[in-house]
Amino acid sequence: MSVILHGSPLSPFTRKVTLVAMEKSIAIEGKDINPYQPPEYFAEISPLRHIPVLEDGDFILNDSSAISAYIDRAYTSLKEPLLPIESKAHGYVIWIEEYADTALFSDISEGVFHPIFINQLLGKPIDSEKVQETVTNILPERLKYLENEISGKAFFSEDRITLADVSVYAQLANLDIAGHLPQQDTYPGLMQHYFSMKERKTSKVLQAQEAQYLDFMMSQLKPS
């Protein structure tokens, strides 16, 4: 039976899980769900009405962190684990993932992505003031922390790709799509890390799929 991922291509959490599966060489079938207008069956598989949701045979699992950990553990024979075995490295990677999933997601989603793309899809004007406030006064604190953590390193932990790297990239990609990626001279380590992750074979494949989806969504824009 195939592994199915219910989600939305531009959701950073769907992106994270998809990249985890791709990095582990696991074939998954994506099923698109609009989280703002979900199908009736969605409540049966997602009690919190959140995406993504994984179906692996008769096993259903919610939450991108739980799904990523499950994939990493269930498919241990495929490549190196994305969650380190060593205790301190393991804890650190989970922390960076949490930081990306909460602090970064909240600011990027509510302060940049939604005011630009979701507003347009709903027929509302872009909230440029909110975007500028977020980019200028809110995001720098989040980004400075990550810059300090990645400075002098190619990856966040163990000198190899882990769930921390995938999680940070998955969030920053929406800033890139929105045209508000941070300046490289201000965050040299973080931006080098981002562009390195963007050049991975898995990321390139996913970028092409997301670009097609974004083009379709933008063609459905309601007049404001």
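Me: What makes up the accessible surface of the protein?
Reply: The model is predicted. Its accessible surface comes to about 11,400 Å². Carbon and sulfur atoms account for 54% of that area.

Me: How many of the residues are buried?
Reply: Buried residues make up 47% of the 224 residues. Buried means under 20% relative accessible area.

Me: Why does the radius of gyration agree with a compact globule?
Reply: Set the two values side by side. With 224 residues, a compact globule would have a radius near 17 Å. The protein has 17 Å, so the value agrees. The C-alpha atoms fill a box of roughly 50 × 45 × 30 Å along the principal axes.

Me: What is the secondary structure of the protein?
Reply: It comes to 8 helices and 4 strands. Along the sequence the pattern is β-α-β-α-β-β-α-α-α-α-α-α.

Me: What is the strand order of the open sheet?
Reply: The order is β2-β1-β3-β4, and the pairing is mixed.

Me: Which strands are called edge strands?
Reply: β2 (28–32) and β4 (59–62).

Me: How many aromatic pairs does the structure hold?
Reply: It holds 8.

Me: Why is the pair of Y99 and Y145 called tilted?
Reply: Check the distance, then the angle. The ring centres are 4.8 Å apart, and the limit for a pair is 6.5 Å. The planes make 40 degrees. Stacked needs under 30 and edge-to-face needs over 60, so this pair counts as tilted. Y99 lies in helix α4 (residues 87–121) and Y145 in helix α5 (residues 128–150), so the pair ties together parts 46 residues apart in sequence.

Me: Is Y99 buried or exposed?
Reply: Y99 has 10% relative accessibility, so it counts as buried. Y145 has 26%, which is between 20% and 50%, so Y145 is partly exposed.

Me: What makes the pair of Y169 and Y194 stacked?
Reply: The planes are 25 degrees apart, and under 30 counts as stacked. The centres lie 5.2 Å apart. Y169 is in helix α6 (residues 163–177) and Y194 in helix α7 (residues 188–198), 25 residues apart. Y169 and Y194 are both buried.

Me: Which residues of α7 are buried?
Reply: G189, L190, M191, H193, Y194 and M197. The buried residues of α7 pack against α5, α6 and α8 (201–219).

Me: Which residues do ring pairs link into a cluster?
Reply: W95, Y99 and Y145.

Technical notes. Residues numbered from 1 in each chain as written. Predicted model: local features only at pLDDT ≥ 70, side-chain atom pairs only at ≥ 80, totals over all residues. Heavy atoms only, no water. Phe/Tyr/Trp six-rings, centres within 6.5 Å; stacked < 30°, edge-to-face > 60°. Helix = DSSP H or I, 4+ residues; strand = E, 2+ residues; numbered from the N terminus. Buried < 20%, exposed > 50% of the residue type's maximum accessible area, 1.4 Å probe, protein only. Pairing = 2+ DSSP bridges. Rg over C-alpha atoms; globule rule 2.2 N^0.38 Å. Areas by Shrake-Rupley, 256 points an atom, 1.4 Å probe, with all protein chains shown as cover. Contact = heavy atoms within 4.5 Å.
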